[in-house]
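Trainee: I am new to this structure. Can we go through what its parts are called, and why?
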Amino acid sequence: MSMSTVTSTNVYEQLGITPVINARGNNTVLGGSTPSARVRRAMQDVERYYVDMQQLLERSGEVIAGLLGAEAAYVTPGAAAALALGTAACLAGADPDKIARLPDTSGLANNVLIQAGHRYHYERAVTVPGGRLVEVGDAHATSAAQLEAALGQNVAAVLFPAHLDGKPGTLSLAEVIDVAHAKGVPVVVDAAGRVYPLDKFRSYARNGADLVAFGAKYIGALNASGILCGRKDLVDAAAQHGFIGFETTAWEKSFGRPLKLDRQTIVAVVTALQEWLETDHAARLAGYERRLKTMAAEIDGAPGVTLSIVNGDGPAPRVLRLTFDATRARHDGNAVAKALWSGVPAIAVGRDGDAITINPVTLREEDDGVVASRVGELLL
């Protein structure tokens with residue numbers, strides 16, 4: 001099949017791909033997000049003219065920083081890219097010779113500390129520019145004394161995954177910032193989806209994190225978009241390590257040339273952030289609860305199935321959770337998830353042990369009935 005034949009609105013069908021109803025959330029492997037009409041209009045508006053990308057990045061960063069209460073900000077192609085560029089800034093700063101050396105960090109302070117209880121899925125992003133992850137403490141606990149002792153001359157930064165703040169046996173973000181700053185070491189926070197509540201969203205840079213990485217898909221921008229914000233000197237250095245630095249002030253030196261952005265992506269991030277901060281989130285959550293209660297009512301009565309609406313923060317503030325009594329339920333969570341995924345359209349749900357979750361954030365309201373009906377067919 002020639003790609004020139006893909007003219008139908010049903011592009012997935014033309015390509016022979018099964019469409020997916022996304023009841024899992026802002027999952028990268030499902031496409032991340034769907035921009036709002038306002039964001040799509042902004043993307044279309046900038047297609048009329050080309051632009052000086054360096055100027056667009058600088059001005060968009062200023063606007064984003066102002067909205068988030070940070071010293072500076074830079075749009076990136078995702079949160080992982082923000083972590084890689086931010087780590088590069090901690091490793092080499094804006095020194096042209098050091099920028100050109102990355103990812104070779106021999107002779108540089110290149111250790112990035114992480115608490116043993118904070119090891120997680122995306123930590124490898126900091127090794128891309130040459131950082132070397134070093135674990136502090138053990139799986140049971142990390143103490144302030146252990147962190148302080150590990151903060152030697154070869155340490156470039158401390159990595160802190162925000163979603164694990166408060167995990168038993170680990171130091172809080174506030175404690176890590178206090179200990180690290182006493183030794184002059186920056187703290188890099190992976191706050192990818194911690195965009196709600198809004199006060200929490202704005203709190204990381206305000207409370208002393210040197211660099212903060214967000215995934216902009218969680219606020220309604222594109223899947224491959226993110227924000228790096230924090231200290232101006234480090235954000236400015238990160239830009240030098242990015243694609244725009246390679247083409248301008250760090251000509252042919254920076255490792256981040258592959259981390260390119262479209263002008264449409266940049267304005268999508270700015271517009272989505274503006275819209276996110278203007279949103280009535282109480283009404284948004286109330287809408288989620290109303291929809292989940294309606295869906296639960298359609299499934300209620302299924303033998304061996306317990307339904308509950310779970311409140312949270314970040315990217316999944318309300319989810320419908322289904323747990324299964326293996327002795328009474330028609331299927332377990334794994335079988336339900338597999339059956340939903342094997343249909344047309346496929347339905348993606350979240351997993352929490354043997355439970356399944358339905359997240360309305362990425363679920364079109366018109367598909368609520370489809371999801372409830374398919375789940376009911378399996379369990380009632």
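Mentor: This is a predicted model. Start with the open sheet of five strands, in the order β1-β11-β12-β10-β9. Its pairing is mixed.

Trainee: What makes β1 and β9 the edge strands?

Mentor: Each of them pairs on one side only. β1 covers 20-23 and β9 covers 305-311.

Trainee: How are neighbouring strands of this sheet turned against each other?

Mentor: By 35° on average, with direction ignored.

Trainee: How do you know that β11 and β12 pair?

Mentor: Two strands pair if there are at least two bridges between them. Strand β11 (residues 346-352) and strand β12 (residues 355-358) have three bridges, so they count as paired. The sense is antiparallel. Glycine 350 stands opposite threonine 357 in β12.

Trainee: Which helices lie across these strands?

Mentor: Helix α12 (residues 281-299) lies across β9, β10 and β12, at about 25° to β10. Helix α13 (residues 333-342) lies across β1, β10, β11 and β12, at about 155° to β11.

Trainee: Now helix α7, residues 173-182. Why are some of its residues called buried?

Mentor: Buried means under 20% relative accessible area.

Trainee: Why might residues three or four places apart in a helix point the same way?

Mentor: Because an α-helix has 3.6 residues a turn.

Trainee: What covers the buried residues of α7?

Mentor: The cover includes β3 (111-115), α6 (144-150), β5 (155-161), β6 (187-190) and α8 (198-206).

Trainee: Which glycine follows α7?

Mentor: Glycine 184, whose phi is positive, near 75°.

Technical notes. Residues are numbered from 1 along each chain as its sequence is written. This is a predicted model: local features need pLDDT of at least 70, side-chain atom pairs count only at pLDDT 80 or more; totals for chains, interfaces and linings use all residues. Side-chain values use heavy atoms; hydrogens and water are left out. Helices (H or I, at least four residues) and strands (E, at least two) are DSSP runs, numbered from the N terminus. Axes are lines fitted to C-alpha atoms, for helices over the stretch in contact, and angles run from 0 to 180 degrees between N-to-C directions. Contact means heavy atoms within 4.5 Å. Buried means under 20% relative accessible area, exposed over 50%, partly exposed in between (1.4 Å probe, protein chains only).
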